[in-house]
Amino acid sequence: MADSSFDVLVIGSGASGLAAAVSAHRAGARVAVATKGALQSCNSAKAQGGIQAAFGEDDSPEQHAEDVWKSSHETADRRLVEILTSEAPSAIHWLEDVGVEFTRENGGYRLARCGGATRKRLLQVGDRTGHAITTGLRDAVESSAIQTFPKSPLAELARTENGWRARCGDHTIDATTVILAAGGRCYRVAQERGELSTNHPGATGEVTQMADDLGAELRDFDALQYHPNGGAWPPNMQGYSIPETTRAYGAVLLNAGGEEFTDSLGPRDAVSQAIFDEVEHGKGVETPDGRPAVYLDTTRIPEDDANVSLPYMLRRYRAGGIDPLRERIFTYPVLHYQNGGLVIDTNAETTVEGLYACGEIAGGTHGRNRMMGNSLLECCVFGRRAGKAAAEKARA
């Protein structure tokens with residue numbers, strides 16, 4: 001016998017899970033959110049760079065889609081990409097409705113150009129965009145009738161006559177539809193490989209395995225992404241992802257000889273590979289504790305830009321005794337993101353009926369290589385769609 005029953009059960013409390021829960025609740029469903037750790041524990045909250053949406057006068061959702069398609073090396077699902085980019089502006093306004101305040105200038109949004117983008121379209125909340133988005137969405141969840149089950153990791157998911165039965169920690173929960181928003185597996189993989197990762201310790205991937213066991217199809221699952229700019233020194237910065245906006249505001253990558261060796265605003269996989277290659281060819285540098293690295297010349301960032309868009313990064317480095325505006329910093333790629341995942345349709349439903357997926361656990365939107373600023377966007381766009389579709393299916 002289940003402890004409780006709901007129309008929609010959401011697994012995970014990152015940006016996609018919270019967006020899905022809010023959306024399902026607003027569509028009239030009885031909603032529960034179960035999480036592995038505390039409601040606040042997730043990768044989304046650590047996302048710094050920003051969120052993409054075509055607001056520039058020289059920009060359009062079509063141009064955004066073209067950039068995504070190119071950055072994915074033409075491997076993304078074009079239908080999903082079209083939805084991602086066309087619904088981006090409305091997702092931003094939706095976030096503003098829950099209290100997210102994006103950095104503004106000259107009467108509009110402050111927009112930056114990010115790696116792989118042909119236009120400036122990255123919106124930011126300083127350099128803690130993910131934190132601001134998850135805080136706003138969590139406030140919306142906590143002030144609603146949505147029931148939360150923190151510290152209740154999903155241990156079992158099985159079909160029932162009327163939907164699903166989930167064992168989450170000490171709770172047995174029945175739900176008509178289930179939305180998986182449990183993130184990727186990069187923390188676990190990094191540990192297995194003896195590498196650093198930007199990820200939260202909860203990013204271990206077992207929910208994907210459960211969905212796979214239930215017959216859900218996967219795509220591009222081998223395509224894990226490195227963030228080109230992991231902090232390599234000082235020790236308090238190891239595994240930290242230096243915001244890519246550093247490069248949008250003028251920082252460049254340099255080898256041991258002080259030469260630029262790649263387009264610092266290229267797609268993530270290209271930039272990461274260029275760093276690996278440079279080090280392999282003996283042109284890298286070594287951190288004081290003997291780790292491989294190259295330089296990120298952050299001294300080229302204008303102080304005003306840094307103060308507005310990179311305050312958190314400056315604080316963290318200065319706490320470690322380094323001022324990035326006065327000296328170059330050490331950087332090396334770190335394991336960051338699971339590009340592939342569960343196959344979904346345009347409503348975020350997996351190939352198993354009544355089982356939805358959104359956020360990093362889902363594949364297709366980014367193909368084999370994600371652009372920065374599109375993960376938080378995907379969480380909101382497809383989280384909203386998953387919530388609405390799961391609520392409608394539960395009602396039917």
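With a relative accessibility of 0%, L84 counts as buried (buried means under 20% relative accessible area, exposed over 50% and partly exposed in between, using a 1.4 Å probe and protein chains only). L84 belongs to helix α3; helices (H or I, at least four residues) and strands (E, at least two) are DSSP runs, numbered from the N terminus. This is a predicted model, in which local features need pLDDT of at least 70 and side-chain atom pairs count only at pLDDT 80 or more, while totals for chains, interfaces and linings use all residues. Residues are numbered from 1 along each chain as its sequence is written, and side-chain values use heavy atoms, with hydrogens and water left out.

Leaving aside neighbours within four places in sequence, L84 is in contact with T365, N374, L377, E378, V381 and F382 (contact means heavy atoms within 4.5 Å). The C-alpha atoms of L84 and A53 are separated by 9.2 Å, and these residues are 31 apart along the chain.

Now for the helix pair. The axes of α3 and α12 are 9 Å apart, and the helices pack at an angle of about 100°. That makes α3 roughly perpendicular to α12. Here axes are lines fitted to C-alpha atoms, for helices over the stretch in contact, and angles run from 0 to 180 degrees between N-to-C directions; under 35 degrees counts as roughly parallel, over 145 as roughly antiparallel, 65 to 115 as roughly perpendicular and the rest as oblique. On the α3 side, L80, I83 and L84 meet L377, E378, V381, F382 and R385 of α12. By class, this contact of α3 with α12 has six nonpolar, no polar and two charged residues (Ala, Val, Leu, Ile, Met, Phe, Trp, Tyr, Cys and Pro count as nonpolar, Asp, Glu, Lys and Arg as charged, and the others, Gly among them, as polar).

## Helix α2 and what follows

In helix α2 (residues 61–71), the residues H64, A65, D67, V68, W69 and S71 are buried. The cover over the buried residues of α2 includes β3 (51–52), α3 (78–86) and α12 (375–395).

After α2 comes H73, in the loop between α2 and α3. H73 is partly exposed, with a relative accessible area of 46%. H73 is not a glycine, yet has a positive phi of about 60°.

## Backbone exceptions elsewhere

Most residues other than glycine have a negative phi, and most peptide bonds are trans. K151 is a non-glycine residue with a positive phi of about 50°, found in the loop between β7 (147–149) and β8 (154–160). K151 is exposed, with a relative accessible area of 65%.

W233 and P234 are joined by a cis peptide bond, with omega about 0°. The loop that holds P234 runs between β12 (224–231) and α8 (245–248).

## Strand pairings

Strands of a sheet pair through backbone hydrogen bonds, either parallel or antiparallel. In this model, β11, β17 and β19 form an open sheet in the order β11-β17-β19, with mixed pairing (two strands pair if DSSP finds at least two bridges between them). Its edge strands are β11 (218–219) and β19 (362–363), each pairing on one side only. β11 and β17 run antiparallel and are joined by two bridges; L218 has L342 in β17 as its bridge partner.

Turning to β12, eight of its eight residues are buried, so this strand is largely enclosed by the rest of the structure. Six bridges join β12 to β16, and the two run antiparallel. L224 stands opposite Q338 in β16.

## Two buried loop residues

T350 sits in the loop between β17 (341–343) and β18 (355–357) and is buried, with a relative accessible area of 7%. The T350 side chain reaches the backbone nitrogen of V352 at 3.1 Å, and a polar atom of this side chain lies 2.7 Å from the backbone oxygen of L355. Beyond its neighbours within four places in sequence, T350 is in contact with A216, L342, V343, I344, L355, Y356 and A357.

L325 lies in the loop between α11 (311–319) and β16 (329–338), and counts as buried at 7% relative accessibility. Leaving aside neighbours within four places in sequence, L325 is in contact with T298, T299, I301, E303, A306, L314 and R318. C-alpha to C-alpha, L325 and H73 are 34 Å apart in space, and they are 252 residues apart in sequence.

How values were computed:
Polar contact = N/O pair within 3.5 Å; in protein donor to acceptor, adjacent residues only side chain to side chain.
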